[in-house]
Amino acid sequence: MNLGAAGRRVLVTGGAGFLGSRVTALLADHPDVDVVLCGDLRESDVPGVVSVHVDVTDPLALPDLLRLHRIDSVVHLAAIVNPGRDVQGEFRVDVQGSSNVLAACVDAGVRRLVVSSSGAAYGYHPDNPPWIGEDDALRGNDQFPYSRHKRMIEELLAAARSTHPALEQVIFRIGTILGPTVRNQITALWDAKRILHIAGSESPFVFVWVDDVAAAMVRAAVGDGPAGIYNVAGDGALTVPEIARRLRKPLLTVPAPLLAIALAIGSALRLTEHGPEKIRFLRYRPVLRNDRLKEEFGYVPRLTSSEAFEEYLRTHPGVVRAD
């Protein structure tokens, strides 16, 4: 870590998490960074990183901390990554927590705020463009709390760009992150004996490897990339049939109306937490363009979507069906 007087002083909320631990590790090794704080409810085990107990739902937790450590950059990663049934709790962490972090940055005179948003902020809609860009509307989906919350957070950030222009913002709308320890509702689809495919749906997946996301975050935190809004995804996309072939598993192709009935019954009987609204999530995924990330922000993901998926399979060998 740089011992000079001009280095960046960075706080990472959620810094002990899956993505946060990678971001803090890269920051700790960066020659232009003096101080790295991991603001989390858990302790960081990354060498050179200072752990501080931070609950983003507490509006009083951050302003004094930022001033005490003379923080000039905040990377905000604290969020509920795998949403469940506690929608109110998720709202407190995701939306109110982001509002608290934003207010604290303004209060303490932080120079730059880096935020992990999601492609889910665009929403899951049948009229999404085939490749969605940063200038396309953020419509979210009210029936998906995660998607709605990401849209609401970005609305807060947009308002702050007008009222507090001195605070630079870098917002990353991230595709599906894959990594060596990832387990979520998307990867769970690949564990089944057959891969679910909705008839007539060609909505592909865009993937990005966790180390690419972390590297982009660090570039933003140290000021190497310009402020702005950027989609973060590897080049290209993979369709469900392509994924099934790589997994050596047959497709289970189901018409959308039939799947809606099955999910409605399963949800009513508490056999599944997924209701018929989940079909939108599977049919109309936003497919992220990454041109602006590469051409304006200056970061080219090391792995394409296909290569990130292959790396996931390499680190999860049991997912591919054995011959």
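This is a predicted model: local features need pLDDT of at least 70, side-chain atom pairs count only at pLDDT 80 or more; totals for chains, interfaces and linings use all residues.
## Salt bridges

A salt bridge is a side-chain nitrogen of Lys or Arg within 4 Å of a carboxyl oxygen of Asp or Glu. Residues are numbered from 1 along each chain as its sequence is written, and side-chain values use heavy atoms, with hydrogens and water left out.

The count comes to 18 salt bridges. One network of them links Glu134, Asp135, Arg292 and Glu296. Within it, glutamate 296 pairs with arginine 292, their closest N and O atoms being 3.9 Å apart.

## A buried pair and a partly exposed pair

Arginine 8 and aspartate 72 form a salt bridge at 4.0 Å, N to O. Both residues are buried (under 20% relative accessible area; exposed is over 50%, partly exposed in between; 1.4 Å probe, protein chains only).

Aspartate 235 and lysine 294 meet at 2.9 Å, N to O. Aspartate 235 counts as partly exposed because its relative accessibility is 33%; lysine 294, at 26%, is also partly exposed.

## Nonpolar core

A nonpolar core is a set of buried Ala, Val, Leu, Ile, Met, Phe, Trp, Tyr and Cys residues joined through side-chain atoms within 4.5 Å. The largest has 55 residues, and Leu27, Phe172, Trp190 and Met217 have the most contacts inside it. Apart from it lies another core of 26 residues, including Leu11 and Val35.

## Confidence

The mean pLDDT of the protein chain is 93, with 95% of its residues at 70 or more.

Terms used:
pLDDT is the predictor's confidence in each residue, from 0 to 100.
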